[in-house]
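Please keep the sequence and the 3D view at hand while reading.

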Amino acid sequence: MAEETRVGVYVCHCGQNIAGTVDCKAVSKYAKTLPKVVIARDHKYICSDQGQERIKKDIKKLNLNRVVVAACSPRMHELTFRNVLEETGLNPYLFEMVNIREQCSWVHIGQNEKATEKAKELVRMAVARSQLLAPLEIKEVNALRSVLVIGGGVGGIQAALDLAEQGFKVFLVEKEPTIGGRMAQLDKTFPTMDCSICILAPKMVEAAKHSNITLLTNSEVQDVSGIVGTFHIKVLKKPRFVDEKKCVGCGVCATKCPVKRPNEFDMGLGTRKAIYVPFPQSVPLVYNIEKEHCLYFTQGVCRVCEKFCEANALNFDQKEEAIELDVGAIIVAVGFDPYDPSPLKEYGYGVYKNVITSLEFERLINASGPTEGKLKRLSDGQEPHRIAFIQCVGSRDEKTGHTYCSNICCMAAIKQAVLIKEKHPECEIYIFYDDIRAFGKGFEEFYRRARESWINFVKGIPSETVEDPETKNLTIRAVDLILGKMIELEADLVILSIGLVPPKGLEDLTRILSIPRGPEGFLLEAHPKLRPVDAPTMGVFLAGACQGPKDIPASVAQAKAAASSAAALLSKGKIRVESSVAFVNEDYCIGCRICESLCEYDAIEIKESSTGKPAALVSEVACTGCGVCASACPTKALTLRHFTDQQLLAQVRAAFFEKEGTCVDRPHEAVAESLNEKIPQARSMKDSGED
Amino acid sequence: MEVKEAKSKIDPKFKFEVARVAGGESIRYCFQCGKCEATCPIRRFEDSYRPAQIIRATLLGLKDMVLDSDMLWLCATCYSCTERCPQGVRFTDIIRAIRNLATEKGKVHPFFKSQSGAIAKFGRIFEDESFLNEMRRELGLPSISVTASRSEIAQILRNTKIETLVKSEEEK
């Protein structure tokens, strides 16, 4: 570094957020005394246009070549200030951000003096580190104009349509034989009471017919490699044994098929044949043979379907198909599974026939369901006259591990209750609830409408249901908490408002995609507020209930946001990627594979190096710069650019040795040694006070 | 098939009886926020007076509990709760409707009975008119007397059957 190091320090007040606790003027005055600091200023809002202009002017006038901003979290504004440097011709990696808001003023409210001292120390550390920062090469990768959408529910369909309309090629992968997802199973939607399939089916058809959308049903994503801009995808398409191009969906095959099977689409309540479409509006409307139960596949006989098919569409030799795709971005929209309430034995689901789940009820009240929409009890086919709903089953429940609110059950129960009242005004309905959460647009009004229909809301979650062995009626024990009275309600049908849980197979998918899950098991967004539809892996976006329980409008909104984010990312044809990535010194690498096994993002592979021995190879675009490899490497062959040992140790030294604000560029071993020597004498964190 | 509160039976149709009486139909909108109770001036002095509970018990169908309750008769009909209810529940009208139902069944609080008895007897709720006319004299107003209209008031009470409903035990 021949050039003289010239540091500019800017201390932000952030209105009163920082200045209310930290004496920003004192911090800036102190910064001026630090080595290599040419200018230090404090500013009310350094992120404002005015603040940014101030930095630009100083860079030009004072020839600054390092900039330190002490303000909020780098997650908020690091990019803002990197851009400031870039606009003045400096490399953006010569910028260092100090967080004196979240990590100082906000956590030390009322301790102004100590907080100011801490802010000074943090700035001193940053100034020391900034002197060792090195310019990094700005990297760009090519972006394909194509997107993979995983999951063909309403979210996946909407994302696919939005991207296809913008000219992107979309591959919509769905593991079931039809798209439509959970929404297709619902009878009506709250709070508008639209017929669910009536508003969904046109979108399903549109997706199937769109020239930019390739529909891959009966298919699952097996492998994802590559990085943003160019992901390589392997999809496995299971055979239907029916030719998609020939089948006209007439259904004669199904009427002739002798094998009856429980229909998963009707939650197992009704039956279908071994050759089937899940529901009449299936897209594509192509029949599908369930190989495990087809007489031909199990016993080598039958093939009746083939005899009656006028289109000659049956093909018993159809094989699994491995499909390979290249896409620029991925949208994950794999939805949710309904909670199975069997473990909550007190409610008797699976034991008492007249205890059903809310999703089963949707099929029972649906015109194309097993009872053709007639409300019947499962035990005797009788119409129920008193129905009880139990809320929060498998939600807000530490015992079952589903600690979160499932978001839709309050409104779903109210909708179902209103539906019953519309068809059977005489039917008594009791909803046992803990809280009614009616937060969405039109929800509160809908809740009022339910009360208007004389639906009885009982505050208090029942302890148990007990079946009368003769009548199969159920006695519910609960307490009306408002009256403080014990209630025994004998109902002839109990509907459990079950929660939403992460879908089966989500764990495998997260492994394939190298994306994390949150503590409740749903997919984790990159930032809960500022990047709510992005996975932490660049180029992967999230839509719908796989990110957390969501109703239809929220799922569609998130799908549209994900589609728009993917389009924004790919539309320029080039994508700038983070330069702060791992770097291997092949001379030191012993090929131990520790880094390879630790890398969450599959960014490291052990390959033969230029000298012929095995060494780690980092995919600089797949690397997210997490630093795990660099900290684990036993020979220090791996370095994380922008977070080198020298840079970090300079920062650590400055934390402990006030006088050594300056740092010479010396081998990191020596710095580590000197640290080991001096730390015991240095004042420890304990001595510095409560904080 | 039944609904029970501990050992007593619940009448799910009771709420409809209340709703049928003029002013009673708004009861269905209550979502138990408690603002009526917080507003109620009686509630301020009497902890056991719980307007929101009366509504809840009515909606659930605890008919006897509601109709037998002394609390029913504590409402001063000031309309503060009705004024402030966020859901447009007209509690004052509802409690009047419930009182009417109770009265129909002969369930009237003894205090109301004695008041009605006084009206039947004296044409007003108190017997002595002299202090009233004293006040009127001080204000320069002419004396009045309801003695003349007593028979008419008694007629009204008879025709509206209030007389039989409120007759206290010893009179029967």
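Axes are lines fitted to C-alpha atoms, for helices over the stretch in contact, and angles run from 0 to 180 degrees between N-to-C directions. Two packed helices are described by the angle between their axes and the distance between the axes. The model discussed here is predicted.

**Helix packing in chain A**

- Helix 1 (residues 24–32) of chain A packs against helix 5 (residues 112–130) of chain A at an angle of about 35 degrees, and their axes are 9 Å apart.
- The crossing of helix 1 of chain A with helix 5 of chain A is right-handed.
- Helix 1 of chain A contributes Ala26(A), Val27(A), Tyr30(A) and Ala31(A) to the contact, while helix 5 of chain A contributes Thr116(A), Ala119(A), Lys120(A), Val123(A) and Val127(A).
- By class, the residues of this contact comprise seven nonpolar, one polar and one charged.

**Domains of chain A**

- The domain assignment divides chain A into domain 1 (7–136), domain 2 (146–237 + 325–336 + 502–574), domain 3 (252–319), domain 4 (339–500) and domain 5 (578–641).
- The centres of domain 1 of chain A and domain 3 of chain A, taken over C-alpha atoms, are separated by 68 Å.

**Contact between the chains**

- In the contact between the chains, 18 residues of chain B meet 19 residues of chain A.
- On the side of chain B that touches chain A, strand 1 (3–5) and helix 4 (51–60) of chain B are the elements that give two or more residues.
- Helix 4 of chain B gives the most to this side, with six residues.
- The residues on this side of chain B comprise 10 nonpolar, two polar and six charged.

Notes: Residues numbered from 1 in each chain as written. Chains lettered and ligands numbered in written order. Predicted model: local features only at pLDDT ≥ 70, side-chain atom pairs only at ≥ 80, totals over all residues. Contact = placed C-beta atoms within 7 Å. Helix = DSSP H or I, 4+ residues; strand = E, 2+ residues; numbered from the N terminus. Nonpolar A, V, L, I, M, F, W, Y, C, P; charged D, E, K, R; others polar. Domains from an automatic or database assignment. Left-handed = near helix turned anticlockwise from the far one by under 90°.
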